Amino acid sequence: MEAKEFFSKFSSGFLWGNLLAMAVVVILLALGVKYGLDIYTRHGEGVKIPKLEGMVYAKAMRLVEDEGLRIMVSDSGYNKRLPADCILAQSPGPGAMVKEGHTVYVTVNSPSSPSFAIPDVVDNSSYREAEAKLMALGFKLLPPQYVAGEKDWVYGILSRGRRISTGDRVSIDSPLTLMIGSGEYDSDEEIEYIEPEYKLMLDNNVDEFEEIVE
């Protein structure tokens, strides 16, 4: 094939028509994929999450469902300043854009304060150790009450004037008082000493004494 014939093929209208048609098809496919996916996934469209915190659950549920969303309780907490079933937290937060049908998870306020079992701290830990364990559970501690005994050792726990034991369930609204040792012991305690009595035993002219045990 001569060079003239080879280059003449590139000037053929049929070849350029095919190339142009292929380019148009590629462009149309790219646009179709781009806009088709946007339409399928509703790109740029969404529902704005309303602010639910502080709202009673029943009202929040109606609001969320009206927006085409769903709501689910994931946890509970306690705030005595808010009414029962009030929403304390939500996820996603207010203002987030989500797809229709998305689930909003909420934490609701418990109708009563939670109670926890008293851990094993009486006669088993120092004041600092007991304080850390009880405060970690959410208990409020009043100033300690000092009793005779080893310094800073826990000898008891009081709740509203009543002595409580390990394992007792107490509301976190009830403040606790730790009874701890002052480092001093009661000097009024008297130790009674009994002098032993003896009787004389005569045996083979040997003087012996035998202790009398009562």
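Q: What does contact mean in this structure?
A: Contact means that heavy atoms lie within 4.5 Å. The model discussed here is a predicted one.

Q: Which residues does Ser 159 touch, not counting residues up to four places away in sequence?
A: Ser 159 touches Ile 164, Val 170, Ser 174, Pro 175 and Leu 176, so each of these pairs has heavy atoms within 4.5 Å.

Q: Why is Ser 159 called buried?
A: Buried means under 20% relative accessible area. Ser 159 has a relative accessible area of 6%, so the residue counts as buried. Ser 159 is found in strand S8, and this strand, residues 154-159, is mostly covered, with five of its six residues buried.

Q: Why does Ser 125 count as buried?
A: The relative accessible area of Ser 125 is 1%. Buried means under 20%, so Ser 125 is buried. The residue lies in the loop between strand S6 (115-117) and helix H4 (127-136).

Q: What surrounds Ser 125, leaving aside its neighbours within four places in sequence?
A: Ser 125 is in contact with Ala 130, Trp 153 and Val 154. Its C-alpha atom is separated by 8.9 Å from that of Asp 152, 27 residues apart along the chain.

Q: What makes the approach of Ser 125 to the backbone oxygen of Val 121 a polar contact?
A: A polar atom of the Ser 125 side chain lies 2.9 Å from that oxygen. The limit for such a pair is 3.5 Å, so the distance falls within it.

Q: Which side chains does Ser 113 join in polar contacts?
A: The side chain of Ser 113 has a polar contact of 2.6 Å with the side chain of Ser 171 and one of 3.4 Å with that of Asp 173. Both distances are within 3.5 Å, so the distance condition holds. Ser 113 is placed in the loop between strand S5 (103-109) and S6. Not counting residues up to four places away in sequence, Ser 113 touches Tyr 78, Ser 171, Ile 172 and Asp 173.

Q: Why is Val 24 called partly exposed?
A: The partly exposed class lies between under 20% (buried) and over 50% (exposed). Val 24 has 40% relative accessibility, so that class applies. Val 24 lies in helix H2 (residues 13-41).

Q: How many helices and strands does the protein have?
A: The secondary structure comes to four helices and 13 strands. Of the 214 residues, 21% are buried.

Key. Residues numbered from 1 in each chain as written. Predicted model: local features only at pLDDT ≥ 70, side-chain atom pairs only at ≥ 80, totals over all residues. Heavy atoms only, no water. Helix = DSSP H or I, 4+ residues; strand = E, 2+ residues; numbered from the N terminus. Buried < 20%, exposed > 50% of the residue type's maximum accessible area, 1.4 Å probe, protein only. Polar contact = N/O pair within 3.5 Å; in protein donor to acceptor, adjacent residues only side chain to side chain.
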